[in-house]
Amino acid sequence: MAEHRPCTARNETPLQRADRNFVELLQELRVTQTGVQILFAFLLSLAFTSRFEDLDSVQRVTYVVTLLLAVLAAALFTAPAALHRSLFQQGAKPRIVQVSSRLATAGLVVLVFAFSGSVLLVVDVTTGRAGGLAASAGTFLVCVGLWGLLPRLVRRAGPREEEDVEHAPEAGPREGARVPAPLRRTVGQPSGLSGPAPRREASARHR
């Protein structure tokens, strides 16, 4: 059957490729879920501290919005597991991988705003509104740069490196390169032939 023929450079069938991609996606989700869990636990515990009563209306709104964003990010990151369990053994693994990848991307976008909101809340309470806004903007730019801009730069640099390797000149003796003295006599002559041998052959012919 066509669907079981190798389709990639790794000689994988479409189902094998989908299985590998899903395993790699789950490994990535484990990394991101750790950050979401820490953030979510911090936000939940913050509401039961004694200083929470001193927050003004803006800070309370920031807290609620950030908490909801953290919940949404956690839901997006756990959705692939629920999707896989619901469609288990129904021959939908490639589709599961495609939808799960989009869910993970959406979760990263939401997580950027959750991180920025949490930094805004903490720095606003400790130093002031201006410092909170600056720290939140810096957090947003760092996350966007590392999660969004850096992968694009790496992806663009990949084809350029491959082109440089393909067009690189083959290694060989350069002009003007020095040849060691013991090898000077052998340069330009076939292997196994030395200088006196041709002369002996020529004298034998004349005889």
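Trainee: Which residues of H2 are buried?

Mentor: This is a predicted model, where local features need pLDDT of at least 70, side-chain atom pairs count only at pLDDT 80 or more, and totals for chains, interfaces and linings use all residues. Residues are numbered from 1 along each chain as its sequence is written, and side-chain values use heavy atoms, with hydrogens and water left out. Buried means under 20% relative accessible area, exposed over 50%, partly exposed in between (1.4 Å probe, protein chains only). An α-helix has 3.6 residues a turn, so residues three or four places apart point the same way. In H2, the buried residues are Gln-59, Thr-62, Tyr-63, Thr-66, Leu-67, Ala-70, Ala-73, Leu-76, Phe-77, Pro-80 and His-84. Helices are DSSP runs (H or I, at least four residues), numbered from the N terminus.

Trainee: What is Gln-59 in contact with, leaving aside its neighbours within four places in sequence?

Mentor: Contact means heavy atoms within 4.5 Å. With those neighbours left aside, Gln-59 touches Asp-54, Leu-121, Asp-124, Val-125 and Arg-129. Its relative accessible area is 9%, so Gln-59 counts as buried.

Trainee: Where does H2 bend?

Mentor: A bend is the angle between axes fitted to the seven residues ending at a residue and the seven starting there. H2 bends by about 35° at Thr-78, and Pro-80 follows within four residues.

Trainee: Which residues touch the most other members of the largest nonpolar core?

Mentor: A nonpolar core is a set of buried Ala, Val, Leu, Ile, Met, Phe, Trp, Tyr and Cys residues joined through side-chain atoms within 4.5 Å. Of the 19 residues here, they are Leu-43, Tyr-63, Ala-73, Phe-77 and Leu-111.

Notes. Helix = DSSP H or I, 4+ residues; strand = E, 2+ residues; numbered from the N terminus.
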